[in-house]
Amino acid sequence: MKVKRKIIQIDEEACDGCGRCVTGCAEGALQVIDGKARVVNEVFCDGLGACIGECPTGALQLIEREAEEFDERAVEEHLHRMHQAGRCPSASIQELRSAADCEKANVPTALKPEEQGVHSHLSHWPIQIRLVPANASFLKNADLLVTADCVPVSYPAMNETFLPGRRILLGCPKFDNVQEAIDKFTQIFRQNEIRSLTTLIMEVPCCSGLPFILKKAMQASGRSIPLTTVVVSTRGEILRQIDS
């Protein structure tokens with residue numbers, strides 16, 4: 001039933017499809033569709049406007065109009081379906097910042113990785129190839145690191161050696177759909193000025209599919225991007241580096 005209430009309105013001309021508003025919507029009412037943020041169903045929007053502060057272009061505003069009533073049960077079912085489909089709220093675009101000194105002080109000493117010589121250089125979320133939209137803001141003018149998901153386990157120094165200054169995407173060329181991956185990277189290369197590509201793969205044969213995917217996507221997108229392929233052994237040693 002429709003009632004007069006507050007609900008989000010999106011200015012499509014102002015929206016650049018960055019996806020940041022999706023992070024601010026705990027109900028999953030917003031999704032980026034065809035490069036623009038959209039309300040997928042009025043019953044999911046609670047009208048509180050938590051997403052507004054996430055928008056860098058001012059494309060979101062709260063208006064009062066006739067709309068379907070907010071339905072909390074429908075939201076729960078919607079979020080459950082998103083989780084089952086692998087599109088959980090944790091897949092929302094996030095630019096990660098370094099912890100403030102006061103935040104670090106509240107972490108028990110035994111749990112502080114930087115005091116054990118370990119520091120994460122991850123700058124964004126999500127990192128799975130399938131979950132990252134091609135127009136994610138962190139991909140603009142990026143030096144891109146594309147790694148097989150076994151590499152960080154086999155080569156734990158990856159975080160310090162390869163991740164600083166790069167944006168990472170992670171997947172498995174054996175279990176992921178190859179054509180979908182080619183299509184995703186084709187869109188990424190077309191929509192973003194990627195400055196360089198580094199791909200980390202294991203020595204096992206199936207991993208060779210990852211540089212193949214990237215090369216096919218470059219061909220399809222008409223872009224030529226410097227590509228470095230680094231092969232890691234199952235013992236965690238760097239076997240060779242190939243520049244192309």
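**Salt bridges and a buried asparagine**

Good morning. Let us begin with Glu12, which at 41% relative accessibility counts as partly exposed, that is, between the limits for buried (under 20% relative accessible area) and exposed (over 50%), with a 1.4 Å probe and protein chains only. The model is predicted, so local features need pLDDT of at least 70 and side-chain atom pairs count only at pLDDT 80 or more, while totals for chains, interfaces and linings use all residues. Residues are numbered from 1 along each chain as its sequence is written, and side-chain values use heavy atoms, without hydrogens and water.

Glu12 forms a salt bridge with Arg38, with the closest N and O atoms 2.5 Å apart; the term requires a side-chain nitrogen of Lys or Arg within 4 Å of a carboxyl oxygen of Asp or Glu. Because Glu12 lies in the loop between β1 (2-10) and α1 (20-23) and Arg38 in strand β3 (residues 36-39), the pair ties together parts 26 residues apart in sequence. Strands here are DSSP runs of E with at least two residues, helices runs of H or I with at least four, numbered from the N terminus.

The structure holds five salt bridges. Another of them joins Asp143 and Arg195 at 3.0 Å, N to O. Asp143 lies in strand β7 and Arg195 in the loop between α6 (178-191) and β9 (196-202), so this pair links parts 52 residues apart in sequence.

Finally, is Asn135 buried or exposed? At 13% relative accessibility, Asn135 counts as buried. A polar atom of the Asn135 side chain lies 2.9 Å from the backbone oxygen of Gly17. Thank you.

Conventions: Polar contact = N/O pair within 3.5 Å; in protein donor to acceptor, adjacent residues only side chain to side chain.
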